[in-house]
Amino acid sequence: MTNIPEIFINKIISARIYKKFFPLDISDKVLNLGVGYGPQVFIYKDDFGEMVGVDINEERLNKSREILDYYGVKNYRTILTKVESIPLPSLSFNKIIAIDVIEHVESPVRAIKEANRLLRPKGLMLITFPCLYDHYISLSRFLKGKFKKETSAGWNPDAHNQSFTPKQWIALMENNGFHLIKSRATTMFPPLHLLGVPRFWFSNK
């Protein structure tokens, strides 16, 4: 059995909810931006025709192929590149998934425009924005007595490089070719579900 990273298992637990509000079909050609180890590929493994995973980290892409091959997923391939510039023809996909990636990129606008270029007319995109994550980190640092935000020199693809309000994230999408169909506020931390915090706080159509 292949060695499966703990982060893959943790993301599987939270990713199961995506199928409830963003279903895929066996005819779908799907682009997965910032695919990482491939947890969404695993969740949807029986529900798409082809999925292309894009990531800047070669080690994670290699591991994603190893894991998904172990589970018998054959209709999955990867591309090592930034999500702002993907070497594929325009209008290549009818669905796009971007889970926990937009806050990591150098340029959200370029990433959104690139997704718009690759998506076919009337295509759909599922994208998540970490609207409370950075507030949680700030609170944690405060409680630990750390009042200065820790930063690194230059762009760090594993760090949250972008922080906007929900309205600002939505405006970025709509100013670059997308139209909001539905939004949901979610709690993606399973232990909170056990304490009674709902997975979905609200749904806005």
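What share of the 205 residues in the protein is buried? I looked this up to start, and buried residues make up 40% of them; buried means under 20% relative accessible area, with a 1.4 Å probe and protein chains only.

A note on what I am reading: this is a predicted model, where local features need pLDDT of at least 70, side-chain atom pairs count only at pLDDT 80 or more, and totals for chains, interfaces and linings use all residues. Residues are numbered from 1 along each chain as its sequence is written, and side-chain values use heavy atoms, leaving out hydrogens and water.

**Overall.** I found 8 helices and 7 strands, taken as DSSP runs (helices H or I, at least four residues; strands E, at least two) numbered from the N terminus.

**Helix H1.** I checked residues 6-15 and found Phe8, Ile12, Ser14 and Ala15 buried. Their cover includes helix H2 (18-21), helix H3 (39-43) and helix H4 (58-70).

**Thr81.** I located Thr81 in the loop between strand S3 (76-80) and strand S4 (93-98). Thr81 counts as buried because its relative accessibility is 14%. Its side chain reaches the backbone oxygen of Ser85 at 2.7 Å. Leaving aside residues up to four places away in sequence, Thr81 touches Val54, Asp55, Ile56, Ile86 and Pro87 (contact means heavy atoms within 4.5 Å).

**Confidence.** I read an average pLDDT of 84, with 79% of the residues scoring at least 70; pLDDT is the predictor's confidence in each residue, from 0 to 100. Over residues 135-143 pLDDT stays under 50, and over residues 147-152 pLDDT also stays under 50. Where pLDDT is low, the predicted coordinates should not be read in detail.

Terms used: Buried means under 20% relative accessible area, exposed over 50%, partly exposed in between (1.4 Å probe, protein chains only). A polar contact is a pair of N or O atoms within 3.5 Å; within protein, one must be able to donate a hydrogen and the other to accept it, and residues adjacent in sequence count only if both atoms are side-chain atoms.
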